[in-house]
Amino acid sequence: MANAFISSIRTSIDRAGITLSALCAVHCLATVVLVSTLGIGGELLGNPLIHEIGLALAMIIAAVAIGIGALRHRRAVPFVTAMTGLSFMGGALAVPHGAEEALLTIIGVGLVSLGHILNLRACRCSLSGEHACTADPDR
């Protein structure tokens, strides 16, 4: 009963991580497009606080969901993928606003999102006990 409850929470947190990653990518693209083409929204959309809070949320969500998942399914690929993405996102904070920042952030959120997806798949496989999932350690 407790395992099912924890799995349900972890699955919800993984899905929240995927959603947050998508929102972050949309924010980055909207910022670049709106500021460069229309010259509007620079102060609001380009506020560094948005990026810092987004990175903090992504780190917390990934730590909880992917951390619990890694303990459960014992597969490193989701964890390493998400941590690489978080590194890209952190690197984006070190460059000036613009195309470089957007590119680093989009690569980062894509990898974090992929880490959450891989984590969902790995946990589903470990719960089902299917031979195909356990035979392929990269799955």
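A nonpolar core is a set of buried Ala, Val, Leu, Ile, Met, Phe, Trp, Tyr and Cys residues joined through side-chain atoms within 4.5 Å; buried means under 20% relative accessible area, exposed means over 50%, and partly exposed lies in between (1.4 Å probe, protein chains only). The model is predicted, so local features need pLDDT of at least 70 and side-chain atom pairs count only at pLDDT 80 or more, whereas totals for chains, interfaces and linings use all residues. Residues are numbered from 1 along each chain as its sequence is written, and side-chain values use heavy atoms, with hydrogens and water left out.

**Figure 1. The chain as a whole contains six helices and zero strands.** Helices (H or I, at least four residues) and strands (E, at least two) are DSSP runs, numbered from the N terminus. Along the sequence, the elements follow the pattern α-α-α-α-α-α. Of the 139 residues in the chain, 33% are buried. Contact means heavy atoms within 4.5 Å; among contacts between residues at least 6 apart in sequence, 73% join residues at least 24 apart. The chain exposes about 7800 Å², and carbon and sulfur atoms supply 72% of this area. Such accessible areas come from the Shrake-Rupley method with a 1.4 Å probe, and for residues only the protein chains shown count as cover.

**Figure 2. The largest nonpolar core comprises 13 residues.** Leu 86, Met 89 and Val 109 touch the most other members of this core. Helix H1 (2-38), H3, H4 and H5 each supply at least two of the core residues. H3 gives the most, with four residues. Not counting residues up to four places away in sequence, Met 89 touches Gly 54, Leu 55, Ala 58, Leu 104, Thr 105, Gly 108, Val 109 and Val 112.

**Figure 3. Helix H3 (residues 48-73) packs with helix H4 (residues 77-92).** The angle between the two helices is about 170°, and their axes are 9 Å apart. Axes are lines fitted to C-alpha atoms, for helices over the stretch in contact, and angles run from 0 to 180 degrees between N-to-C directions. H3 and H4 are therefore roughly antiparallel to each other; angles under 35 degrees count as roughly parallel, over 145 as roughly antiparallel, 65 to 115 as roughly perpendicular and the rest as oblique. On the H3 side, the residues in contact are Gly 54, Leu 55, Ala 58, Met 59, Ala 62, Ile 66 and His 73. These meet Pro 78, Phe 79, Ala 82, Met 83, Leu 86, Met 89 and Gly 90 in H4. By class, the contact of H3 with H4 has 11 nonpolar, three polar and no charged residues. In this classification, Ala, Val, Leu, Ile, Met, Phe, Trp, Tyr, Cys and Pro count as nonpolar, Asp, Glu, Lys and Arg as charged, and the others, Gly among them, as polar.

**Figure 4. Arg 74 occupies the loop between H3 and H4.** Although Arg 74 is not a glycine, its phi is positive, at about 60°. With a relative accessibility of 67%, Arg 74 counts as exposed.

**Figure 5. Ala 65 is a buried residue of helix H3.** The relative accessible area of Ala 65 is 0%. Ala 65 and Ile 13 are 52 residues apart along the chain, yet their C-alpha atoms are separated by 5.7 Å. Leaving out residues up to four places away in sequence, Ala 65 touches Arg 10, Ile 13, Asp 14, His 116 and Asn 119.

**Figure 6. Ser 113 and Cys 125 are set in helix H5 (residues 99-128).** Ser 113 counts as buried, at 13% relative accessibility. Apart from its neighbours within four places in sequence, Ser 113 is in contact with Ile 18 and Ser 21. Cys 125 is also buried, with a relative accessible area of 7%. From C-alpha to C-alpha, Cys 125 and His 73 are 8.3 Å apart in space, and 52 residues separate them in sequence.

**Figure 7. Val 35 is part of helix H1.** At 35% relative accessibility, Val 35 counts as partly exposed. Val 35 and Gly 98 are 63 residues apart in sequence, and the C-alpha to C-alpha distance between them is 9.4 Å.
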